[in-house]
Amino acid sequence: MSASITLIGSLNPEYLDKFNTWLDARGLQSQTRLLSDAQDAISVAQCTLGDSELNPVSIRAELLKLSNDTGIDHIYQSSMLDVKVPGVAVFDMDSTLIKAEVMDELAVDAGIGEQISAVTASAMRGEIDFVESFVQRLALLKGLNSEVMDGVYNRIQHMDGISTLMKVLHHYGWHTAILSGGFTYFADRIQAEYGMTEVHANVLEIQNNELTGKYLGDIVDGERKKLLLTNIVAAQNVDWQQTIACGDGANDLLMLNHAALGVALHAKPLVRERAPCPMNNLGLDGILYLLGMTSAQIRELSV
């Protein structure tokens, strides 16, 4: 299918005309349609591009600058997925499916919140190695009573649009998975709440109702997320064109660039620069617009 650019934000006819002029200056012919409607607080328009030779790297760099300058998401896709054809969609959990970093929340209950959150932020920005930082942060939680985890889960807010996205994807038979550098205790509960298909996350070692500061099994880092995505696609016998990955941190970049649609949701600057589809102005339901759905279609399936 044709390439497209989706605009998400405070759109008006004047800006759409300005953007069409921007496209014309680059020899790009397009057809624009509004996906949002009067009921929406945020506007969405999709420009389907005619046949042309495009350099994805350079066009994405130009569009990212436009996004940063205007506050409007300009999201380039080299081809469109078909939401009605079952595929595989994988998601990071922390700051993607939920509005928190679980390790940081556990650290708050351990009385070392600021100490751990600073390391977490650095790891998510790609400044330090994820695995190294994971092991260091987890070790600091040694002795924390495991009973606090229920309270941590109950105070965490879920990402805007998560219910809508999962309802629509599951309606069309998509296989949905959590690939998380967080912990199974929390990921399993998110999976159950939204009917997701499978979970891959880190297992906390607990003895005598206390965290030991250690983990069991393999760490789910960036390389493992990419491998898990590959394995799930093979197991489901799905066309790679029907794959979605969504995350926010540097440890998500490999899977974001491996999937047909890699969405960096409210991502760190480094991730926005290196991911195919950075999106800031909507929650998880924004992915449905990138699949070409209109607000009316989304509402019909998500009630």
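**Exercise 1.** Determine how the axes of helix α4 and helix α5 are arranged.

*Solution.* Step 1: α4 covers residues 113-124 and α5 covers residues 130-139; helices are DSSP runs (H or I, at least four residues), numbered from the N terminus. Step 2: their axes come within 9 Å and cross at roughly 165°, where axes are lines fitted to C-alpha atoms over the stretch in contact and angles run from 0 to 180 degrees between N-to-C directions. Step 3: α4 and α5 are therefore roughly antiparallel, the term for angles over 145 degrees.

The model is predicted: local features need pLDDT of at least 70, side-chain atom pairs count only at pLDDT 80 or more, and totals for chains, interfaces and linings use all residues. Residues are numbered from 1 along each chain as its sequence is written, and side-chain values use heavy atoms, with hydrogens and water left out.

**Exercise 2.** Decide whether F134 is buried or exposed, and list what F134 touches.

*Solution.* Step 1: F134 is found in helix α5. Step 2: the relative accessible area of F134 is 0%, so F134 is buried (under 20%; exposed is over 50%, partly exposed in between, with a 1.4 Å probe and protein chains only). Step 3: leaving aside residues up to four places away in sequence, F134 touches M103, G181, F183, N202, Y215 and I219 (contact means heavy atoms within 4.5 Å).

**Exercise 3.** Find which strands stand at the edges of the open sheet of seven strands.

*Solution.* Step 1: the order is β8-β7-β6-β5-β9-β10-β11, with mixed pairing (two strands pair if DSSP finds at least two bridges between them; strands are E runs of at least two residues). Step 2: β8 (210-216) and β11 (277-279) each have a single partner strand, so they stand at the edges.

Note on methods: Angles under 35 degrees count as roughly parallel, over 145 as roughly antiparallel, 65 to 115 as roughly perpendicular and the rest as oblique.
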